[in-house]
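Dear colleague,

I am passing on the structure below, together with some notes on what was found in it. Please read the notes alongside the coordinates.

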Amino acid sequence: MPLLANHIAVITGAGSGIGRAIALGFAREGARVIALDVNADGAAETAKLVSDSGGTACSFPLDVTDRAACVAMAKRIADAIGPVSILVNNAGIARRNGMTGAADAVVKDWEDVIAINLTGVFNVTHAFLGSLRANKGRIVNIGSIQSFVHIRQPSSPAYTASKHGVLGFTKALAVELGKEGVRVNAIGPGFIETPLNAATRASNPDGVRLFIEHTPLGRAGQPEDIVGPAIFLASDLSAYVTGSIVMADGGYRAV
Ligand code: NAI
């Protein structure tokens with residue numbers, strides 16, 4: 001039996017990169033996938049890719065910073081599709097203006113990054129909590145190496161703060177919901193080649209080289225590298241795992 005049969009899985013930021021790869025991987029394992037993204041076309045394309053490969057998926061536009069829209073989406077999905085038992089909080093942005101950069105840019109980075117990467121995780125989780133609690137749900141949050149350390153170049157205090165926050169939120173929820181059988185974990189991807197860092201890769205090849213030199217596996221990651229850990233954390237394979245973070249960083253944090 002596929003590992004995620006009979007599960008309905010909501011994935012935010014599913015219109016691109018890691019979220020799209022997780023959507024395809026979950027569908028391969030039998031989950032019914034709901035791809036959410038502020039980019040409606042991206043989410044629809046993901047749902048089409050899933051369907052084309054024999055899986056079951058649909059998509060809806062959702063901005064995770066819009067709390068009321070998150071609540072409405074949870075209700076719509078419960079009414080029209082069924083009970084959600086897996087939530088992947090993946091939507092995120094990275095902006096890299098250091099604290100000493102132009103004031104307007106630094107402030108805007110802070111507001112946008114915290115709103116999407118941290119408050120967005122809260123908004124979506126809170127909206128789907130009823131269904132997740134009723135179905136012994138599994139929540140998988142996408143953290144980062146920056147859930148533990150700051151990466152110097154290019155500096156982004158907002159991103160580091162947001163991803164530390166995601167790990168803290170993961171632990172808090174795991175503790176609060178453990179007795180109900182709801183499991184909450186995170187994944188810490190390393191440097192994964194996606195549209196998120198396309199501009200950095202183009203403008204800062206030396207930074208990328210240094211990063212990969214620090215990475216024991218000696219290569220950048222691909223979105224598919226996050227799929228196995230996500231299936232593990234969403235499935236019964238991880239039945240006794242909660243409040244944890246699985247690093248999928250090529251060993252970066254071991255050095
Ligand atoms: P991506 O840019 O390819 O995909 C992110 C998706 O999130 C996009 O489809 C975008 O439209 C969506 N999104 C952005 N703002 C949104 C909002 N307000 N509401 C709903 N959706 C929104 O990026 P990638 O690399 O796939 O990132 C996915 C997650 O992985 C993010 O949380 C990111 O911080 C995290 N991550 C990525 C790493 C990397 O090296 N690519 C490393 C560590 C963590």
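Of the 255 residues in the protein, 49% are buried, where buried means under 20% relative accessible area, exposed means over 50% and partly exposed lies in between, with a 1.4 Å probe and protein chains only. Please keep in mind that this is a predicted model, in which local features need pLDDT of at least 70 and side-chain atom pairs count only at pLDDT 80 or more, while totals for chains, interfaces and linings use all residues. Residues are numbered from 1 along each chain as its sequence is written, and side-chain values use heavy atoms, with hydrogens and water left out.

On the overall form, the C-alpha trace spans about 50 × 40 × 35 Å along its principal axes. The radius of gyration, taken over C-alpha atoms, is 17 Å, which agrees with the value near 18 Å that a compact globule of 255 residues would have; the globule rule here is 2.2 Å times the number of residues to the power 0.38. The protein has eight helices and seven strands, these being DSSP runs numbered from the N terminus (helices are H or I with at least four residues, strands are E with at least two). Among contacts with a separation of 6 or more, 73% join residues 24 or more positions apart, a contact being heavy atoms within 4.5 Å.

The axes of H1 (residues 17-28) and H2 (residues 40-52) come within 10 Å and cross at roughly 30°, with axes fitted to C-alpha atoms over the stretch in contact and angles running from 0 to 180 degrees between N-to-C directions. That makes H1 roughly parallel to H2, since angles under 35 degrees count as roughly parallel, over 145 as roughly antiparallel, 65 to 115 as roughly perpendicular and the rest as oblique. H1 contributes Arg20, Ala23, Leu24 and Ala27 to the contact, and H2 contributes Gly42, Glu45, Thr46, Leu49 and Val50.

Asn6, in the segment before strand E1 (8-12), has a positive phi near 70°, and Asn6 is exposed, with a relative accessible area of 74%. Lys136, which lies in the loop between helix H4 (103-134) and strand E5 (138-142), has a positive phi of about 45°, and at 52% relative accessibility Lys136 also counts as exposed.
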